[in-house]
Amino acid sequence: MSDKDELTRFGVAFPTPLIEQFDKYILDQGYKNRSEAIRDLARRTMLEPSRLHSDEQVAGVIVMVFDHHASELPSRLMELQHHYHQDIISNMHVHLNHHQCLEVIAVRGSVSSLRSLHQQIQVQKGVHYAELSVTFNDDAKTHSHI
(Lines give C-alpha, C1' and ligand atoms only; values in the text may rest on other atoms or scores of the structure.)
Protein backbone atom coordinates (compact mmCIF):
# COMPACT_ATOMS: atom_id res chain seq x y z
CA MET A 1 0.00 0.00 0.00
CA SER A 2 1.43 3.39 -0.94
CA ASP A 3 1.57 6.34 1.44
CA LYS A 4 -1.11 8.19 -0.51
CA ASP A 5 -3.71 5.38 -0.40
CA GLU A 6 -6.66 6.50 1.67
CA LEU A 7 -7.72 4.14 4.43
CA THR A 8 -11.36 3.40 5.20
CA ARG A 9 -12.11 2.26 8.72
CA PHE A 10 -14.94 -0.14 9.51
CA GLY A 11 -15.96 -2.34 12.41
CA VAL A 12 -16.00 -6.13 12.30
CA ALA A 13 -17.61 -8.37 14.92
CA PHE A 14 -16.08 -11.80 15.56
CA PRO A 15 -17.25 -14.53 17.94
CA THR A 16 -14.75 -14.70 20.82
CA PRO A 17 -13.34 -18.17 19.92
CA LEU A 18 -12.79 -17.07 16.30
CA ILE A 19 -10.98 -13.83 17.22
CA GLU A 20 -8.78 -15.78 19.65
CA GLN A 21 -7.83 -18.16 16.82
CA PHE A 22 -7.31 -15.21 14.46
CA ASP A 23 -5.09 -13.40 16.96
CA LYS A 24 -2.96 -16.53 17.30
CA TYR A 25 -2.78 -16.78 13.51
CA ILE A 26 -1.63 -13.17 13.07
CA LEU A 27 0.95 -13.58 15.84
CA ASP A 28 2.26 -16.81 14.25
CA GLN A 29 2.41 -15.13 10.83
CA GLY A 30 4.24 -12.06 12.16
CA TYR A 31 1.61 -9.44 11.42
CA LYS A 32 1.83 -6.23 13.42
CA ASN A 33 -1.94 -5.89 13.74
CA ARG A 34 -5.31 -7.30 12.71
CA SER A 35 -5.75 -4.74 9.92
CA GLU A 36 -2.67 -5.97 8.03
CA ALA A 37 -3.83 -9.57 8.30
CA ILE A 38 -7.37 -8.76 7.15
CA ARG A 39 -6.02 -6.75 4.17
CA ASP A 40 -3.86 -9.73 3.10
CA LEU A 41 -6.79 -12.13 3.45
CA ALA A 42 -8.96 -9.81 1.35
CA ARG A 43 -6.25 -9.53 -1.35
CA ARG A 44 -5.81 -13.31 -1.40
CA THR A 45 -9.56 -13.81 -1.77
CA MET A 46 -9.75 -11.31 -4.64
CA LEU A 47 -6.97 -13.22 -6.45
CA GLU A 48 -8.68 -16.62 -6.37
CA PRO A 49 -8.69 -17.74 -10.01
CA SER A 50 -12.43 -18.49 -9.83
CA ARG A 51 -13.14 -14.80 -9.02
CA LEU A 52 -11.18 -13.32 -11.93
CA HIS A 53 -12.56 -12.57 -15.40
CA SER A 54 -11.54 -15.19 -17.94
CA ASP A 55 -9.75 -12.67 -20.19
CA GLU A 56 -7.82 -11.02 -17.35
CA GLN A 57 -4.03 -11.22 -17.72
CA VAL A 58 -2.30 -12.77 -14.71
CA ALA A 59 1.00 -14.33 -13.71
CA GLY A 60 1.47 -17.16 -11.28
CA VAL A 61 2.42 -20.77 -10.71
CA ILE A 62 0.96 -24.20 -11.09
CA VAL A 63 2.29 -26.53 -8.41
CA MET A 64 1.81 -30.25 -8.83
CA VAL A 65 2.87 -33.50 -7.20
CA PHE A 66 2.67 -36.61 -9.32
CA ASP A 67 3.73 -40.24 -9.54
CA HIS A 68 6.41 -40.28 -12.17
CA HIS A 69 5.93 -44.04 -12.63
CA ALA A 70 2.25 -43.66 -13.59
CA SER A 71 1.84 -45.03 -17.10
CA GLU A 72 2.73 -42.38 -19.70
CA LEU A 73 2.09 -39.52 -17.22
CA PRO A 74 5.44 -37.71 -17.65
CA SER A 75 4.92 -37.75 -21.43
CA ARG A 76 1.33 -36.50 -21.16
CA LEU A 77 2.40 -33.68 -18.82
CA MET A 78 5.21 -32.68 -21.19
CA GLU A 79 2.78 -32.68 -24.14
CA LEU A 80 0.38 -30.43 -22.20
CA GLN A 81 3.20 -28.02 -21.42
CA HIS A 82 4.23 -27.92 -25.08
CA HIS A 83 0.63 -27.24 -26.08
CA TYR A 84 0.54 -24.26 -23.65
CA HIS A 85 4.09 -23.05 -24.41
CA GLN A 86 2.88 -19.46 -24.91
CA ASP A 87 1.70 -19.36 -21.28
CA ILE A 88 4.69 -21.07 -19.65
CA ILE A 89 7.64 -18.97 -18.55
CA SER A 90 9.68 -21.66 -16.85
CA ASN A 91 9.41 -24.80 -14.77
CA MET A 92 11.29 -26.59 -12.04
CA HIS A 93 11.19 -30.34 -11.51
CA VAL A 94 12.16 -31.88 -8.15
CA HIS A 95 12.40 -35.58 -7.28
CA LEU A 96 10.76 -35.99 -3.86
CA ASN A 97 11.39 -39.74 -3.62
CA HIS A 98 11.58 -42.79 -5.88
CA HIS A 99 7.97 -42.35 -7.09
CA GLN A 100 6.90 -38.76 -6.47
CA CYS A 101 7.94 -35.61 -8.27
CA LEU A 102 7.13 -31.98 -7.51
CA GLU A 103 6.86 -29.63 -10.44
CA VAL A 104 6.43 -25.86 -10.30
CA ILE A 105 5.42 -24.19 -13.55
CA ALA A 106 5.72 -20.40 -13.77
CA VAL A 107 2.91 -19.11 -15.99
CA ARG A 108 1.65 -15.85 -17.48
CA GLY A 109 -1.44 -15.41 -19.62
CA SER A 110 -5.21 -15.15 -19.56
CA VAL A 111 -7.05 -16.62 -16.61
CA SER A 112 -9.06 -18.87 -18.95
CA SER A 113 -5.96 -20.34 -20.57
CA LEU A 114 -4.20 -20.94 -17.24
CA ARG A 115 -7.37 -22.47 -15.75
CA SER A 116 -7.59 -24.79 -18.72
CA LEU A 117 -3.97 -25.91 -18.33
CA HIS A 118 -4.44 -26.42 -14.60
CA GLN A 119 -7.64 -28.44 -15.09
CA GLN A 120 -6.03 -30.66 -17.70
CA ILE A 121 -3.10 -31.33 -15.36
CA GLN A 122 -5.19 -32.11 -12.27
CA VAL A 123 -7.36 -34.73 -13.98
CA GLN A 124 -4.41 -36.80 -15.19
CA LYS A 125 -4.23 -40.23 -13.57
CA GLY A 126 -1.23 -40.18 -11.23
CA VAL A 127 -1.38 -36.45 -10.42
CA HIS A 128 -1.85 -36.34 -6.65
CA TYR A 129 -2.07 -32.56 -6.27
CA ALA A 130 -2.30 -29.57 -8.59
CA GLU A 131 -2.95 -25.97 -7.61
CA LEU A 132 -3.05 -22.73 -9.61
CA SER A 133 -2.05 -19.57 -7.77
CA VAL A 134 -2.08 -16.21 -9.57
CA THR A 135 -1.53 -12.51 -9.11
CA PHE A 136 -2.45 -9.53 -11.27
CA ASN A 137 -0.19 -8.79 -14.22
CA ASP A 138 -0.96 -5.12 -14.85
CA ASP A 139 1.70 -4.59 -17.50
CA ALA A 140 1.14 -7.87 -19.36
CA LYS A 141 1.27 -6.22 -22.76
CA THR A 142 4.75 -4.76 -22.21
CA HIS A 143 6.53 -8.06 -21.49
CA SER A 144 6.99 -11.06 -23.70
CA HIS A 145 8.86 -14.28 -23.04
CA ILE A 146 8.62 -15.69 -26.54
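**Close-up 1. Leu117 and its contacts in the predicted model.** Leu117 touches Ile62, Leu80, Tyr84, Ile88 and Val107, when residues up to four places away in sequence are not counted. The structure shown here and in the other views is a predicted model. Leu117 also belongs to the largest nonpolar core, which has 22 residues. Within this core, Leu117, Val107 and Ile121 touch the most other members. At least two residues of the core are supplied by each of β1 (57-67), α3 (73-83), β3 (100-110), α4 (111-122) and β4 (127-136). Another core, of 5 residues, lies apart from the largest one, and its members include Ile19, Phe22, Ile26 and Tyr31.

**Close-up 2. Helix α4 and the elements around its buried residues.** Helix α4 consists of 12 residues. From its first C-alpha to its last, α4 reaches 16 Å, close to the 16 Å expected at 1.5 Å a residue. Its buried residues are Val111, Ser113, Leu114, Leu117, His118 and Ile121.

Close-up 3. His118 is found in helix α4. Is this residue buried or exposed? His118 has a relative accessible area of 13%, and because this value is under the 20% limit, the residue counts as buried. Leaving aside neighbours within four places in sequence, His118 is in contact with Ile62, Ala130, Glu131 and Leu132. Ile62 is also among the residues that Leu117 touches.

**Close-up 4. Glu72 in a loop.** Glu72 is placed in the loop between β1 and α3. Its phi is near 65 degrees, a positive value in a residue other than glycine. The relative accessible area of Glu72 is 52%, which is over 50%, so the residue counts as exposed.

**Close-up 5. The largest pocket and its lining.** The largest pocket holds about 500 Å³ of space. It is lined by 16 residues, of which Thr8, Phe10, Ser35, Ile38 and Arg39 are the closest to its centre. The elements that give two or more residues to this lining are α1 (16-29) and α2 (34-46). Which element contributes the largest share of the lining? That share, 5 residues, comes from α2. By residue type, the lining divides into 9 nonpolar, 3 polar and 4 charged residues.

Definitions and conventions: Residues are numbered from 1 along each chain as its sequence is written. This is a predicted model: local features need pLDDT of at least 70, side-chain atom pairs count only at pLDDT 80 or more; totals for chains, interfaces and linings use all residues. Side-chain values use heavy atoms; hydrogens and water are left out. A nonpolar core is a set of buried Ala, Val, Leu, Ile, Met, Phe, Trp, Tyr and Cys residues joined through side-chain atoms within 4.5 Å. Buried means under 20% relative accessible area, exposed over 50%, partly exposed in between (1.4 Å probe, protein chains only). Helices (H or I, at least four residues) and strands (E, at least two) are DSSP runs, numbered from the N terminus. Contact means heavy atoms within 4.5 Å. The expected span of a helix is 1.5 Å times one less than its number of residues. On a 1 Å grid over the protein atoms alone, a cavity is a set of points where a 1.4 Å probe fits but cannot get out, and a pocket is an open set with protein on both sides within 12 Å along at least five of seven lines; lining residues have an atom within 4 Å of a point. Grid points are joined across faces, edges and corners, and a volume is the space filled by probe spheres set on the points. Ala, Val, Leu, Ile, Met, Phe, Trp, Tyr, Cys and Pro count as nonpolar, Asp, Glu, Lys and Arg as charged, and the others, Gly among them, as polar.
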